[in-house]
Amino acid sequence: MGHTLAEKILAAKCGREQVSPGEFINAKVDLVLASELSGVLAIDAFEQIEGSKVFDPQKIVLVMDHFTPNKDIKSAEIVKRCREFARQCGIQLYDIGRAGIMHILLPERGLVSPGDLIAGADSHTCTYGFIGAFGTGIGSTDAAAAMALGELWLKVPESIRLEYQGELQPWVCGKDIILHTIGRIGVDGARYQAIEMSGPAMPHLSMADRFTMANMAIEAGAKTALIPADEKTQAYVQERQGRPGIRMTPDPDAEYTQSHVFDISSMEPCVAVPFLPENVEPAAKLGDVEIDQVVIGMCTNGNLEDMRAAAEVLEGHSIHPRVRTIIIPGSQKVYLDSLREGLIEIFVQAGCAVSTPTCGPCLGGHMGVLAARERCVSTSNRNFRGRMGHPESEVYLANPYVAAASAILGRIGLPSEVV
Amino acid sequence: MRAEAFYDTNIHALLATQAEAFDDRPYLRQADQTWTYAETFALVERLSAGLQELDLKPGERFAVVLPNLAEFVFTYFAAARLGLIVVPINVRRTKEEVIGLLAKTKPKAMLTFSDPVAYRGMDHLSMALEARSNLPDLQHVIALGIEHPDCLAWDQLAASPGTPPPARCKHEDPFLILHNLGNSKKPRGAVLVHHALVRNAADIAARLRCTPEDVFLGSPPFSNTFGFTPTILSCTVSGASLAVLPRYEPKAALDLIESAAITVHHGVPTMFALELHHPEFRTERCASLRTGIMSGAFCPPKLVERVRNEMGFNLILAYGLTEASPSVTMTRLDDGPITATQTVGTPMEDVEIKVIDTQGKTLPGDEEGELCVRGYNVMQGYWEDEQSTAQVLDSEGWLRTGDLAVITADGPVRILGRIGETIKRGGFGIHPRSVEMVLRSHPKVRDAAVVGIPDMIYGQITCACIVRKPDVHMEAKELLEFAGERLADYAVPDRLLFFESLPRVGSGAVRKDVLRDLARRRGLAWKFGKNIDTDSIIPARRCNTADANELAKYCMEDADPEFVHKMQRGDLIVAETNFGCGSSREVAPLCIKAAGISAVIAKSFARIFFRNAINIGLPILECPQAVDGIEAGDEIEIEAASGTIHNLTRGTSFQATPYPEFLQRIIEHGGLLHYVEQRLKEGNP
């Protein structure tokens, strides 16, 4: 019997010929990752382990991205503690001005490679599936254990196969593909399972589209999402001087618990309406939904391609007078590239605020927190109640084209209405 | 009677002396049968001769599993004559417990009976025969009142025509191995010697001013020190008679008090309470009562007063423990009202007591500490258990009782509770008994016990376990308000649970270990819908701290802002599918645990929440049927280890998906961090 990509990576990581779904394994991790929020708890837990020392400082990364630049004294104290711990243990810590949002930053720095097992104390660690790495979200105590042992306990997941066919229509991108997918399988449709994304459409999708798709697999409850590495992946990794990694492909006779086929040609720009990412509606059918804020960027759509998409719509326009628009490039490099390409100028001219990379507003931390009954269109990944601020505020998830168009229109709208 | 006359003797010699002195005076009475002192002595001689045939040697053990019967008394004396060490085992112990005690003490012979109808289907004789196959030392099973081909009949042994051997016991020989539970919950067998038991009984009888005219009620189990020393032996020392009560029932006790004109009534507090509450109780029926001891568990002053007033006799309070044969202190018949109702009196003659602090330093009068005892009455040690013995007996002969006490400046001792029972709640020490007294004083409360249960924030919280009087309605709120008016704010129970009855040991003491365990597992259900995400559990805006106490204030804030104000510590969350979806934040299960939620039951859990909960030790149970079978406000009891969920309100039970073995190991290690520690120690990272 053949094996899925998830099974193959996990077998390699526990030094076995093969593993089967349902088995519990201790797998060697290639990288342990935490933000300041999860990191501070992990450090507390790590220091409680008698006789603990980090298994390999080269394989642990701390990225200060959630409440940074420090939003308040408590956050400042948390970051300070992480910084001290990193210094003490010789761990790489990415700090303000030289960093970015972890999931954009790590691939950009060549820190993740195909075939890796990445244990991240952040649920969106599944993002690394976009280059064929098994990234999975864990808790802080898990991260402490992984820092000490270099291992992670895992149940080998069953896999779901998602096959994408066709070609994207204009103004439609990876975000719409994943929203459509979650809309079909539901927020717990892939609970505990690995999602394997493949099909004839994949070679044509950009790395940025693949990035967004893998990023939101957790919103369907998945343990990880995996897109088998191909030539595009290899070129992407080489360009960033990362380790070449191991390109693995699923066996043709691998077993999947479910298979779904999506025709991406029929997809149109869509929006996930409050309060779950599975509440997916075509943007065109929403009617007159007035908005107060737009946020573009962050981890889900914070790559240069996403900045270009937003700029393409915003160029030569002004933001609707009632609307605040915040642009958050995913890393310092994305920021600099955007600046060089003139995108930042377009944003500022249009009336947007451009922020340093941060997770800030996505989780209601800072840099764009909503008041009661305010409504926001965001390119982020979650629209739970209270996610971006007041429990009575609302978040609509969309792609960067739709978000930019809505910023101009003052309501949820389509790029075709303004371009 | 002069107590001193019995200061240096043994149990066989005691009966011989008394048989001569009291000859044809009645000694034992059972239903319509009576045995005089002389008849008893003769029967014991015959029984000794019969047992002699079994080649039992001095120092060998002889187990007895019998209810309170005259034959139990005869057997005690015959065993004493042969120099045997008796291992009495309470008839209410479970099969596993009995077998465990037999395996430990290796008796050569065992006496038991069979009455499965009266003992919830437990057939003691079959059990003994079954156990014998695994107990090579157990050569003889003796059956009382039943003929069985594989056993000897007690009646035949007691009719032996042979000649008994010369008495084989010495004053300082061990006579009893009596088991009780130590802190480890592993039974320990206190080894008690002849002269100490007789002397203790003589001093007790002197305090009670017993005479040959007295009639003792044989109600405390003969298998423990309360039933042996102050009951069987004190009666014998006094030349008095003993009316045995084979199976304690309050009605049977009241009937016997009246019909046998009982004068001395010992009992644990529960027995007196049951008798007072019995519909057939009338003060006149107790007219013959003169005195008696209440002991074995905490004696609520209100109950003491009621016994004195409504049963109309001069009740004595005593403090004792198995390891001290048992009596350490007693009140006196002429004590003033405060001493008589609120203290356990003064030490027995030649018994020393002191109170020590946690460092072992002796404390002055009026200070609280652990009570220690030294004297003739202290046990030799625990049977073949040097480690447990060393934990309680020091080289100078002091026995640590584990009881928290004060020796008042004017002499009498007050018992405050068990050491370790003091609840340490956020820096305050709370004596459960003081809280129990307040709760019991509420007119609708029949019984109350207060236990401390672990809590993430306070270290420990107090949980009051209440038995309401029959047919009265009372909500937790009413009693908590009542307590709030009478107790310091920190001492008002954090939780209040209602029970049908409280679990107790044979002596009547509340099984606080059982109660603590029950209390930890019980709570009211709060229901939530599907896809409760971690932002609803704890919004990110509250996550700029790792302080669990702070996080707890916002538990479930965006799902129900009032939740933390409405819930009680110990309650449960019951939710639909995909509980804890979204972010990987470990503060989600952490804040739930810190808020005092004892467990989360859901149809399914999101993956990262699940592993975080396991890693930090928040019990979570996946059980769709339970979620559908529980309504908000239902009282739920869970057994996290087995995954059993009981809906106490609706009388239904459910089985949650068991944890896989791998996770069980993490749980057994006490969480992931301890598991990692173990791995590091093994040099196996």
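In the predicted model, a salt bridge (a side-chain nitrogen of Lys or Arg within 4 Å of a carboxyl oxygen of Asp or Glu) is formed between Asp455(B) and Arg569(B), whose closest N and O atoms are 2.7 Å apart. One salt bridge is counted between domain 2 of chain B and domain 3 of chain B. Residues are numbered from 1 along each chain as its sequence is written, and chains are lettered from A in the order in which they are written. Local features need pLDDT of at least 70 and side-chain atom pairs count only at pLDDT 80 or more, whereas interface totals use all residues; side-chain values rest on heavy atoms, without hydrogens and water.

Chain B is assigned domain 1 (1-193), domain 2 (423-510) and domain 3 (522-680), with bounds taken from an automatic or database domain assignment. The C-alpha centres of domain 2 of chain B and domain 3 of chain B are separated by 26 Å. Eleven residues from domain 2 of chain B and twelve residues from domain 3 of chain B take part in the contact (heavy atoms within 4.5 Å).

Between them, these two domains bury about 970 Å², with 57% of it on carbon and sulfur atoms; buried area is the accessible area (1.4 Å probe) lost on putting the two parts together, summed over both. Of the area that domain 2 of chain B buries against domain 3 of chain B, 56% is supplied by Met456(B), Ile457(B) and Arg495(B), more than by any other three residues.
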